[in-house]
Amino acid sequence: MADIMTKLSDLIDPEVMADMVSARIPKKLRVAPFAKIDDTLAGVPGDTITVPAYTYIGDAADVAEGGEVAIEKMTTSTRKATIKKAMKGIGLTDEAVLSGYGNPVGEANTQLALAIAAKIDNDCMDALQGASLTYDGSAATINYNAIVDAVDVFEEEMGCSDKVMFVHPKQVTQLRKDPDFISADKYQPGVALTGEIGMIAGCRLVPSKKVPVVTVGGTEGDEDGEKAAGGTPCYACPIVKLEADPEVDDEIPALTIYRKRDVNIETERKPKTRTTEITADEFYVAVLSNEAKVVLAKFKV
């Protein structure tokens, strides 16, 4: 007689769960979708990546007939990044799985995907916060003129590259009331980016609670961890150039996620408590790979 009993191993399959969690993570991300995913480290020994940045050799110069051109030396700066492991675990009792309300296994998939996605997003935002190009708009809250000034920090000659600006949800109301704000519902269908609510000053706006509040001005915090005194609390909003130069096929993106291994799910049975522990991990590192493509704009809270 065929075995028709429902077993825990049928309901909790690590391979199936890994696929489901991997599929759900992109839907939970707000910052990471604008990063390049680099899987070249997968299956390769080592856990450290060196990210190069080339210094511009300068404009070309006139050379008279028979004259020699000045030979420039290409120089680079590098940044090393070490692969990290993001991990989260959930324990499910047999009672919860077999007779629990709703779908505990499906909810476990969702919760694990949300936990890992949140960690990846946090790391991506932390990487963007390290931008060397900055704009101090601490004198006022976010507005059209201030965003124009922030964008001009890029010193673009053409000024037509696509940009995304991450803003805190508490800034959204003020932006929507700005007469220069263009709501995403006025776009042609299919042209909005992931999470985009609209556009202003050529920047596509994506709200994210990951945008931190920082203090501009005031005194530095002390070694005991005391907060800085004085200063102005500001939202630190990264503006990221998305489009690569069509003339430069190998142009480095603003943000890169180097991935060593995709989501991995493992289970461990605890027979004494009739509990199944489910753990998920992903090996990756988020790096600010092109500082020339990010401006960190700070606006008064």
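The secondary structure of the protein chain comprises six helices and 14 strands, where helices (H or I, at least four residues) and strands (E, at least two) are DSSP runs numbered from the N terminus. This is a predicted model, in which local features need pLDDT of at least 70 and side-chain atom pairs count only at pLDDT 80 or more, while totals for chains, interfaces and linings use all residues. Residues are numbered from 1 along each chain as its sequence is written, and side-chain values use heavy atoms, with hydrogens and water left out.

Of the 301 residues of the chain, 37% count as buried; buried means under 20% relative accessible area, exposed over 50% and partly exposed in between, with a 1.4 Å probe and protein chains only. Among contacts (heavy atoms within 4.5 Å) between residues at least 6 apart in sequence, 76% join residues at least 24 apart.

Leaving aside neighbours within four places in sequence, Ile-147 is in contact with Ile-142, Met-165, Leu-175, Ile-200, Ala-201, Cys-203 and Phe-299.

Phe-34 and Phe-166 form an edge-to-face pair, 5.6 Å centre to centre with 70° between the planes. This pair links distant parts of the chain, with Phe-34 in the loop between α2 (14-28) and β1 (36-38) and Phe-166 in strand β6 (residues 163-167), 132 residues apart. Phe-34 is buried at 16% relative accessibility, and Phe-166 is buried at 1%. Tyr-135 and Phe-299 form a tilted pair, 6.2 Å centre to centre with 50° between the planes. Tyr-135 lies in strand β5 (residues 133-137) and Phe-299 in strand β14 (residues 294-300), so this pair ties together parts 164 residues apart in sequence.

Tyr-144, found in helix α5 (residues 144-151), is partly exposed at 28% relative accessibility. Not counting residues up to four places away in sequence, Tyr-144 touches Asp-178, Asp-180, Ile-200 and Ala-201.

Notes:
Rings of Phe, Tyr and Trp (its six-membered ring) pair if their centres lie within 6.5 Å; planes under 30 degrees apart count as stacked, over 60 as edge-to-face and the rest as tilted.
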